[in-house]
Amino acid sequence: MSETLQVSGIVAGYIPDLPVLRDVSLSAQKGKITVIIGPNGAGKSTLIKAVSGLVPATEGHVVLNGANITNPRPDQMGGLGVAYIPQTDNVFRSLTIRQNLELVLRNAGPEGPARLDRLFQQFPPLAQKQRERAGSLSGGQRQFLAIAMALAIDPSLILMDEPSAGLSPKAAEEVLEHAHVLAQRGVTILLVEQNVKQALRLADHCYILADGRNQIDGPAADLLSDPVVGQIYLGGKRMAPT
Ligand SMILES: Nc1ncnc2c1ncn2[C@@H]1O[C@H](COP(=O)(O)OP(=O)(O)OP(=O)(O)O)[C@@H](O)[C@H]1O
Ligand SMILES: [Mg+2]
């Protein structure tokens with residue numbers, strides 16, 4: 001199986017000598033959805049940020065398509081084909097939809113206008129509202145704008161941090177379904193989700209983090225029927241570190 005992203009033994013955090021992630025490892029395969037779940041504060045966003053170079057890793061490695069990209073400069077990620085969709089504030093609300101997309105296409109050179117057209121073709125509701133401010137969009141449309149901004153760099157790997165948070169069930173399903181469409185096109189998706197059941201139905205592989213450590217991982221279909229997964233989420237219990 002072709003392995004796109006390999007994270008090995010990552011130790012990372014915000015304050016020196018106080019790591020949030022302690023020896024976290026995972027891999028994500030090309031064209032597959034790999035989902036990370038876990039209780040609030042487990043370190044899911046921190047893991048995505050460590051891969052993106054937004055939080056320094058003091059130990060461990062991040063390897064992408066065989067190249068060591070541990071602690072990249074965040075602005076290098078686009079060039080490496082990696083797009084990151086943050087959990088919050090993932091669009092510029094005061095700019096129009098078109099301006100948001102133009103901003104991420106600013107380095108695309110002469111290809112920019114054609115790429116903008118393609119994105120509008122892919123997301124007709126965004127094309128219709130392109131002169132409106134992003135802040136006026138519904139939550140679901142805003143997530144689609146964030147996805148379109150990620151796609152502007154033609155990524156091979158998209159890191160998505162809770163794209164369905166705060167959305168109506170219908171909008172959440174549409175957003176997650178789009179992740180599936182992208183995976184089918186060969187994009188590798190690393191997805192953090194609180195919407196556990198839906199994410200497990202959609203994903204190929206799942207990692208559970210708790211207290212900044214790997215707990216369980218396995219095929220998503222297996223974890224969907226695992227009583228421990230239900231226990232963590234239904235009771236909000238944390239598992240003892242291994
Ligand atoms: N900017 C920050 N500075 C210091 N500590 C932080 C910062 N961001 C997060 N943390 C801490 O790191 C730990 C992990 O947070 P993180 O945001 O990665 O969790 P999460 O699993 O994404 O949680 P959630 O499900 O609530 O999004 C928490 O204890 C949190 O308080
Ligand atoms: Mg988070």
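**Questions on a predicted model**

Colleague: How many of the nine residues of helix α1 are buried?

Modeller: This is a predicted model, and helix α1 covers residues 44-52. The helix is largely enclosed by the rest of the structure, because its buried residues number eight of nine.

Colleague: Which residues of α1 are the buried ones?

Modeller: To count as buried, a residue must have under 20% relative accessible area. In α1 that holds for Lys-44, Ser-45, Thr-46, Leu-47, Ile-48, Ala-50, Val-51 and Ser-52.

Colleague: Which residue follows α1, and what is its phi?

Modeller: The residue after α1 is Gly-53. Its phi is positive, near 85°.

Colleague: Which residues come nearest to ligand 1?

Modeller: There are 13 residues around ligand 1. The shell is made up of four nonpolar, seven polar and two charged residues. Lys-44, Ser-45 and Thr-46, which are among the buried residues of α1, also belong to the nearest group.

Colleague: At what distance does a polar side-chain atom of Gln-194 lie from an oxygen atom of ligand 1?

Modeller: A polar contact needs a pair of N or O atoms within 3.5 Å. Glu-162 has a polar side-chain atom 3.5 Å from an oxygen atom of the ligand, and Gly-41 places a polar backbone atom 2.9 Å from a ligand oxygen. For the side chain of Gln-194, the distance to an oxygen of ligand 1 is 2.8 Å.

Colleague: And how much of the area that ligand 1 exposes when taken alone does the protein bury?

Modeller: Taken alone, ligand 1 exposes 640 Å². Of that area, the protein buries 60%.

Colleague: How are strands β4 and β5 joined, and which residue is the bridge partner of Leu-64?

Modeller: β4 spans residues 57-64 and β5 residues 67-68. The two strands run antiparallel and are joined by two bridges. They form a hairpin with two residues between them. In β5, the partner of Leu-64 is Ala-67.

Colleague: Which residue in the turn has a positive phi, and is it buried or exposed?

Modeller: Most residues other than glycine have a negative phi. In the loop between β4 and β5, Asn-65 has a positive phi near 50°. Exposed means over 50% relative accessible area. At 52% relative accessibility, Asn-65 therefore counts as exposed.

Colleague: What is the relative accessible area of Asn-71?

Modeller: Asn-71 is found in the loop between β5 and β6 (82-85). Its phi is positive, near 50°. Asn-71 is partly exposed, with a relative accessible area of 37%.

Colleague: How many aromatic pairs does a search of the whole structure find, and what is the angle between the planes?

Modeller: The search finds one aromatic pair. It consists of Phe-123 and Phe-144, 5.9 Å centre to centre. The pair is tilted, and the angle between its planes is 50°.

Colleague: How far apart in sequence are the parts that this pair ties together?

Modeller: Both Phe-123 and Phe-144 are buried. Phe-123 lies in the loop between α3 (112-122) and α4 (124-128), while Phe-144 sits in helix α5 (residues 139-151). The pair therefore ties together parts whose separation in sequence is 21 residues.

Colleague: What separates the C-alpha atoms of Lys-32 and Lys-129?

Modeller: Lys-32 is in the loop between β2 (21-29) and β3 (33-37), and is partly exposed at 32% relative accessible area. Along the chain, Lys-32 and Lys-129 are 97 residues apart. Their C-alpha atoms are separated by 31 Å.

Note on methods:
Residues numbered from 1 in each chain as written. Chains lettered and ligands numbered in written order. Predicted model: local features only at pLDDT ≥ 70, side-chain atom pairs only at ≥ 80, totals over all residues. Heavy atoms only, no water. Near = heavy atom within 4 Å. Polar contact = N/O pair within 3.5 Å; in protein donor to acceptor, adjacent residues only side chain to side chain. Areas by Shrake-Rupley, 256 points an atom, 1.4 Å probe, with all protein chains shown as cover. Nonpolar A, V, L, I, M, F, W, Y, C, P; charged D, E, K, R; others polar. Pairing = 2+ DSSP bridges. Helix = DSSP H or I, 4+ residues; strand = E, 2+ residues; numbered from the N terminus. Phe/Tyr/Trp six-rings, centres within 6.5 Å; stacked < 30°, edge-to-face > 60°. Buried < 20%, exposed > 50% of the residue type's maximum accessible area, 1.4 Å probe, protein only.
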